[in-house]
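Student: Walk me through this one, please. Keep it brisk, and I'll jump in with questions.

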Amino acid sequence: MRVILEKGTIFYQGKFQQLGRLVLDHGKITEVTLASVKAKKPKVGGKEKGDSEKIVNCDGKYVMPGFVDAHTHITLEEEGIGWVDADLNEQFGLVTPQVRAFDALKMRDQALSDARSGGVTTMMVAPGSANPIGGQACIIKAHGQIAEEASIRESCGMKLAFGENPKRIYAEQKQFPSTRMGTAAVIREWLMKAQDYSKKKKSKDFKDRDIKLEALLPLLEGKIQARAHAHTADDIITAYRIAQEFNLDLVIDHCTEGHLIAKELGRWKAKAVVGPTFSCRVKPELRHRTFDTVRVLLDEGCMVAITTDHPVIPIEGLSLAAALCVRHGLEEERAIKAITEYPAAILGLDKRLGKIETGFDGDVVVWSGHPLDSRSKAESVFIDGARVL
Amino acid sequence: MSSILFDNVRVYLSGAFFPAQKVLIEKGKIAAVGSKVLKNVETVIDGQGKYLIPGLIDAHTHLGLTDHGYGPSGSDLTEWSEPITPHLRPLDGIKMRSDSLNDARRSGISVCMVSPGNANLIAGQCSILKTYGNSADVGLIVEQAGIKICLGEEPKHLLEGRKAFPTTRMGMAALLRETFMKAQDYHEVKQSKKGLRDRIIQMEALGPLLDGAVPLRAHAQRLEDIMAAIRLADEFKLKLVIEHGIEAHKVAGLLADKKIPVVLGPLLMAERSAETRDRIFECAVSLLDAGVEVALTCDYPGLPVETLRIAAAMAVQFGLDEKRALQCITETPAKILGIANRVGHIRKGYDADVGLFSGHPLDIRSKLEVLVIDGEIFKFN
């Protein structure tokens, strides 16, 4: 099945341009031709016999890459169900690198159709922030009946949590840790154990696997990222300190006070997934939250993505969060990149997602109007070249 | 044990009823089937106008583990405090004189699989036995016939109360994975030259599962939990049977490709929980049409054991043919349990497990008049 989108405005090569035609074929983008370029004659025999073809006229509409949210908890707690489906946090586990968000995905969740209607096609899904080491995050697309169909990566990062959440959870249980020092010590202790385990494992007659330490090996080897939940400037710097010590590929999640240490983050070429800025300051570590953070960090040379942290704010709010950054001084092209190519780059998927480009995944959304205008509607959503809305 | 002859009876043979047949039972086995069996025996049962079918098989029950009406003293279904209990063996908890076994016989059930309850992550071992005998050993067919695990709502409910890891689907999957990983390492050391001296009973119990000698019997109702079981089985190369499988029809093709059978039910529930809300009675026919092996169960005490025939009749009501419906409570469960060479058919040399009904066995008005198990007669008049 080939889909051909014609005319309209396309976000292409970082700016809005006039579209000639865009072809989706076998799940991929196979052709992008701007209106200004003379249309080539269709290749003879380019179209296989029996291949059906669908032409969508996008005149007056906006053709966008599917949005990417690089930090959500989508489907871990299916909406409107309650405790039966509450699979967000192993709040008695303290150190749970062995748990995988992938094992708790529920593809029936209404939130996924909300994602599609918000033009969001790819999401990182992480365990919650109750534990200093919370578990493995995965990356999915917003379609499919079972997790395997949706999966891009079953394990892409290890969730670490700094600041208020872990110390509150374990202080309530009258357990270690109840301070930021304790949280950092727990993380450091287990990374240290994993380093030793990795050496021990090299011996021939090693037959005593430890599932937690096994799970930490890909992190130490740089195969998956450290995804550090950190709001305050000091927590961000603690995460950075630990990442340096153990040579981890670090992404700062939330990064609420990032603008207060923008110079440092810029120097470190930090990767930050900022948000949910569109929430209230419900705890002290959110007291400095502002829509300026994204712009300030981008100006300093950081790689920045905007997140909803769904279900903290609903996933359809991703483009609204980007629009609010524009209201606070961010140029609209960069705001769009912060929900498309930048999150794709942070997730290590910039060779296949986040842009409309030949060879990229066929994740394309047709909007009735400008995608950052909250009156606009996602009219058609294509994921892997198939229409899903 | 006397010889028995069912005379002039309509017999269910390889998928159809044949009238005016004789079935001879000797020494607990079926000795002859046909219209021309010539032998005089002391017990002749006239089958005029009646239906003889193989004894029914329920491949998923907790028969005998609960003794209703005796409160906690009669209940041996679930070990509440520990999530990982592969060392539990049903035979140590079955009470052969409980009403449930009597009810099973009155319903025409001659063979059952009994497993520990529905709440522990690894609940224990599964045993297959006949529904009669003074002790569970009398009719024991296979003692170690599988390892029962539970996924989804029910173990979550139990685990929630412990205030310990795990409490989520992520943690449940991880703890199962961890246990199987440990068991693999344990058995590798055990089989190595070095060997081991400190045996661990839980790890010992998991040996036959890892070897592929017995299947993983995974309690999984919802699609996500069914997929979690498939993922685990793939990862550790385990044989898998899906128990309950309320949403199994949603992945019927996948189950057929992977040759994973489903012990389906109970479907006939008044109150639906979050994970059974999508149940449909067409599930059996969808699975069978896709090529999945299906046995129907009433999951006693999930439903009264008498409802096994009703489950098959309801499957017919929702599109299944009578032949396959009867297979779902006779030969297919025998196949899934790995005992199809001795039960599930009325066939020479098979165990003498047969039920005589006053009318068609899927007509709920028909009454079970005689049940024979291993040649032992139970009359219900």
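Tutor: One definition before we start. A strand is a DSSP run of E with at least two residues, and strands are numbered from the N terminus. On that basis B:Ala20 sits in strand E2 of chain B, residues 16–26. Keep in mind that this is a predicted model.

Student: What is phi of B:Ala20 near?

Tutor: It is near 55° for B:Ala20. That is a positive value, and the residue is not a glycine.

Student: Is B:Ala20 buried or exposed?

Tutor: B:Ala20 counts as exposed, because it has 12 C-beta neighbours inside 10 Å. The cut-off for exposed is 12 or fewer.

Student: What about phi of B:Lys259?

Tutor: B:Lys259 also has a positive phi, near 55°, and is a residue other than glycine. B:Lys259 is in a loop of chain B, between helix H7 (252–257) and strand E14 (262–264). There are 11 other C-beta atoms within 10 Å of B:Lys259, so this residue is exposed.

Student: Now peptide bonds. Which residues does a cis bond join in chain A?

Tutor: A:Phe176 and A:Pro177 are joined by a cis peptide bond, with omega about 0°. A:Pro177 is in the loop that runs between helix H3 (164–172) and H4 of chain A.

Student: And in chain B, which residues does a cis bond join?

Tutor: There the cis bond joins B:Tyr300 and B:Pro301, with omega about 5°. B:Pro301 belongs to the loop between strand E15 (294–296) and helix H9 (308–317) of chain B.

Student: Back to H4 of chain A. How do the axes of H4 and H6 cross?

Tutor: The axes of H4(A), residues 180–200, and H6(A), residues 233–246, cross at roughly 20° and come within 11 Å. H4(A) and H6(A) are therefore roughly parallel; the cut-off for that label is under 35 degrees. The crossing of H4(A) past H6(A) is right-handed.

Student: Which residues make that contact?

Tutor: On H4(A) they are A:Arg180, A:Ala184, A:Ile187, A:Arg188 and A:Leu191. H6(A) brings A:Thr238, A:Ile242 and A:Phe246. Sorted by class, the contact of H4(A) with H6(A) has five nonpolar residues, one polar and two charged.

Student: How do H4(A) and helix H5 of chain A cross?

Tutor: H4(A) and H5(A), residues 211–220, have axes that cross at roughly 90° and come within 9 Å. That makes the pair roughly perpendicular.

Student: Which residues of H5(A) take part in the contact?

Tutor: A:Leu213, A:Leu216, A:Leu217 and A:Leu220 do, on the H5(A) side. H4(A) supplies A:Trp190, A:Leu191, A:Lys193, A:Ala194, A:Gln195, A:Tyr197 and A:Ser198. The contact of H4(A) with H5(A) has eight nonpolar, two polar and one charged residue.

Student: Zoom out. How many helices and strands does chain A have?

Tutor: Chain A has eleven helices and 17 strands. The radius of gyration of chain A is 22 Å, close to the 21 Å that the globule rule gives for 389 residues, so chain A is as compact as a globular protein of that length. Along the principal axes, the C-alpha atoms of chain A fill a box of roughly 70 × 50 × 40 Å.

Student: What share of the residues in chain A is buried?

Tutor: Of the 389 residues in chain A, 53% are buried. As for contacts in chain A between residues at least 6 apart in sequence, 68% join residues at least 24 apart.

Student: Last one. Where is A:Ser151?

Tutor: A:Ser151 is in strand E10 of chain A, residues 151–161. A:Ser151 counts as partly exposed, because it has 16 C-beta neighbours inside 10 Å.

Student: Which residues is A:Ser151 in contact with, leaving aside neighbours within four places in sequence?

Tutor: Those are A:Phe102, A:Cys138 and A:Ile140. A:Ser151 and A:Ile139 are 6.1 Å apart, C-alpha to C-alpha, and twelve residues apart in sequence.

Conventions. Residues numbered from 1 in each chain as written. Chains lettered and ligands numbered in written order. Predicted model: local features only at pLDDT ≥ 70, side-chain atom pairs only at ≥ 80, totals over all residues. Axes fitted to C-alpha atoms, helices over the stretch in contact; angles between N-to-C directions. Helix = DSSP H or I, 4+ residues; strand = E, 2+ residues; numbered from the N terminus. Parallel < 35°, antiparallel > 145°, perpendicular 65-115°, else oblique. Left-handed = near helix turned anticlockwise from the far one by under 90°. Contact = placed C-beta atoms within 7 Å. Nonpolar A, V, L, I, M, F, W, Y, C, P; charged D, E, K, R; others polar. Buried ≥ 20, exposed ≤ 12 C-beta atoms within 10 Å, placed from the backbone. Rg over C-alpha atoms; globule rule 2.2 N^0.38 Å.
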